[in-house]
Amino acid sequence: MSTPFYVSPQQAMADRAEYARKGIARGRSVVVLQYADGVVFVAENPSRALHKVSEIYDRIAFAAVGKYNEFENLRIGGVRYADLRGYTYDRADVTARGLANVYAQTLGTIFSSAAEKPYEVELIVAEVGNAPEDDQIYRLPHDGSIVDEHGSVAVGGNADQISSYLDQRHRDGMTLGEALKLAVESLSRDNNGGERTLTAEQLEVATLDRTRPQQRKFKRILGRQLSRLLEENGAAVPAEGSEGAADEASDSEDTSGSESS
C-alpha cells in the first residue's frame, strides 16, 4: 500500500494564496478615490458590456478585479443581500460594513475549503456618507480579510505601484476633475516606470455623489461628459470618435471568466 502524499496545511494555504494572487495580477487595475463630493471609481476597461464597477444599493457601490464570472456572482449575491435586508428592515440598515462582512465570510469559506479552488478576485466596497468623514471604503482580498481604507485604494495587477503613487499625491477636498486626473495618471504608469496614454474609451468611470438629490447616489460618467472632464484636466487625450455616449468596444475580459491582462 502506497503512503499518501502529505502537504502541510501551511504549505497548502500558501499555494492557494499564490494561485489566487497570480490570477488577480493578470487583471487591469481599479482605483477608488475620495473627493470633496463623494467617491470616484476609475477602472481600465475598454468593454462597455462587462463592468468592473457597479451599483449595489442607494449609497453603496462595488468594484472588482480578477475573473469576471467569479466577481459577478459575488456582485449579484451582494445586490440580493442588500435588497432583502432593506425590504425586511429599513433601507438605512444596508451598509457597506455589513456587505463587506458578508463578502468576507464567503471569500474566507471558499479560500479555506479544500473542495474547490480559491476565487481569483479582489473586491472594493464603498459607501458615501453625508460628509467626507462618513465615507467608508473596504478592500477585500482573495482570502476574505477586510482592510479599512481611507483616501485612496488600488487593486489589480499593478496595485502596489499605483497605491504608492496615490498615497504621495492624494489629498482631502479634491474636485472630481482633480481626482479623475490623479486616478488616470496612476493607471497609466507601467511596471517599468513609463507612462501610457489612456483614452475615454479605455476607462470605466463612476461616482457615488453625495450631492445628488436622488436617493440613489451612483452615477456612471460616460461619453462626452467623461471626454470633457479628461480634456479639461489634461488627464488623457480622447480618441477619435469618443463623442458617442457609450459605443461598444472590444471586450477586455473573457466571457468564460478569465480577464485579460
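Reader: Where does R28 lie?

Author: In this predicted model, you'll find R28 in the loop that runs between α1 (9–25) and β1.

Reader: What makes R28 count as partly exposed?

Author: Its relative accessibility is 22%. Buried means under 20% and exposed means over 50%. R28, at 22%, falls in between, so R28 counts as partly exposed.

Reader: How far apart are R28 and L187, in sequence and in space?

Author: Along the sequence, 159 residues separate R28 and L187, yet from C-alpha to C-alpha they are 8.9 Å apart in space.

Reader: Which residues touch the most other members of the largest nonpolar core?

Author: That would be V42 and L203, in a core of 25 residues. Two or more residues come from each of β1 (30–35), β2 (38–44), α4 (159–169), α5 (176–187), β9 (203–209) and α6 (223–233). With seven residues, α5 gives the most.

Reader: What makes us say that L203 touches V42?

Author: Contact means heavy atoms within 4.5 Å, so a pair that touches has to meet that cut-off. Leaving out residues up to four places away in sequence, L203 has V42 on its list, and other partners include V184, L187, L226 and L230.

Reader: Which residues are in the other core?

Author: That one lies apart and has 24 residues, including I60, F62, V94 and A100.

Reader: Why would nonpolar side chains sit together like that?

Author: In soluble globular proteins, they tend to be buried together.

Reader: How many of the 261 residues count as buried?

Author: 51% of them do, in a chain with six helices and 10 strands.

Note on methods. Residues numbered from 1 in each chain as written. Predicted model: local features only at pLDDT ≥ 70, side-chain atom pairs only at ≥ 80, totals over all residues. Heavy atoms only, no water. Core = buried A, V, L, I, M, F, W, Y, C linked by side-chain atoms within 4.5 Å. Buried < 20%, exposed > 50% of the residue type's maximum accessible area, 1.4 Å probe, protein only. Helix = DSSP H or I, 4+ residues; strand = E, 2+ residues; numbered from the N terminus.
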